[in-house]
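Student: Could you walk me through this one? I'd like to start with charged pairs and then move on to other things.

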Amino acid sequence: MTDHPSAAPQPSAPPQGKPTSYSRVTLSRIMTAVDVNLYGTVHGGVLMKFVDDVAGAAAARHSGGTAVTAAIDEIVFSEAVRVGDLVHAHAQVNWTGQTSMEVGVRVVAERWDSAEDEPVPVATAYLVFVGVDVGGLPRPVRPVLPETPEDERRYREAEIRRAHRLARRRAIQAHREA
């Protein structure tokens, strides 16, 4: 049977998957006096923006286009950052759904006064991004293909976080309707 010009359009094939390593991004910057809070350490909001920036770059790279922040699932600050520290934020896509992605971020600091020491872990975060088209509507994102046992672990843990987010949303909605 041949295709006829008036035949119904066929659904497009799902986007090709990309390995986890394809999405990996690192941003680095030196923290300055304009970044500090009243206590003399770098303001948490400065680090949150830095986390969102690197996560957005990883999401855009993986999805092949615009991706917007839908949620910050978790951010944990484990150590203060000081003026002069060289801070590195490492991000990768851990999990993908139809239109959404979870991006994991790890932030470390090289202390300006002890540059030969190992970088200090200062924060971790999980963010949810949604791929959007030019009209701002959700669009399909390609699957992430875990490459290592560590990537597989991150994928499974991302599924747990997603299940918890959805369960919390349903419980709150049920409470409001009660």
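Predicted model: local features only at pLDDT ≥ 70, side-chain atom pairs only at ≥ 80, totals over all residues.

Student: Fine, so how many salt bridges does a search of the whole structure find?

Tutor: The search finds 11 salt bridges. One of them joins Asp151 to Arg24, with the closest N and O atoms 3.2 Å apart, and this pair links distant parts of the chain, since Asp151 sits in helix 3 (residues 149-177) while Arg24 belongs to the loop between helix 1 (20-23) and strand 2 (25-30), 127 residues apart.

Student: And Asp151, buried or exposed?

Tutor: Asp151 counts as buried, because its relative accessibility is 3% and buried means under 20%.

Student: Which residues are linked in a network of salt bridges?

Tutor: That network links Glu150, Arg153, Arg154 and Glu157.

Student: Let's switch to helix 2. What does Lys49 pair with?

Tutor: Lys49 forms a salt bridge with Asp53, whose closest approach, N to O, is 3.0 Å. The two are 4 residues apart in helix 2, so about one helical turn separates them. Lys49 counts as exposed at 54% relative accessibility, whereas Asp53, at 34%, counts as partly exposed.

Student: What span should helix 2 have, and how far apart are its end C-alpha atoms?

Tutor: At 1.5 Å a residue, its 20 residues should span 28 Å, and the end C-alpha atoms are 28 Å apart, which agrees. The helix is followed by Gly64, which has a positive phi, near 75°.

Student: Which of its residues are buried?

Tutor: Among the buried residues of helix 2 are Val46, Leu47, Phe50, Val51 and Val54, and the list also includes His62 and Ser63. By contrast, Ala57 in helix 2 is partly exposed, with a relative accessible area of 30%.

Student: Now the largest nonpolar core: which members touch the most others?

Tutor: Of the 29 residues in that core, Val103, Val105, Val107 and Phe129 touch the most other members. Helix 2, strand 4 (86-96), strand 5 (100-110) and strand 6 (120-131) each supply at least two of its residues, and the largest share, 8 residues, comes from helix 2.

Student: What does Phe129 touch?

Tutor: Leaving aside residues up to four places away in sequence, its contacts include Asp52, Ala55, Gly56 and Ala59, as well as Val68, Met101 and Val103.

Student: Last one, which residues form a nonpolar patch on the surface?

Tutor: Met48, Ile72 and Phe77 form it, with about 260 Å² of accessible area together. Met48 lies in helix 2 and counts as partly exposed, at 35% relative accessibility.

Key
Residues numbered from 1 in each chain as written. Heavy atoms only, no water. Patch = residues over 30% accessible without salt bridge, like charges linked within 9 Å, V, L, I, M, F, W, Y side chains within 5 Å. Areas by Shrake-Rupley, 256 points an atom, 1.4 Å probe, with all protein chains shown as cover. Salt bridge = Lys/Arg side-chain N within 4 Å of Asp/Glu carboxyl O. Buried < 20%, exposed > 50% of the residue type's maximum accessible area, 1.4 Å probe, protein only. Expected span 1.5 Å × (residues − 1). Core = buried A, V, L, I, M, F, W, Y, C linked by side-chain atoms within 4.5 Å. Contact = heavy atoms within 4.5 Å.
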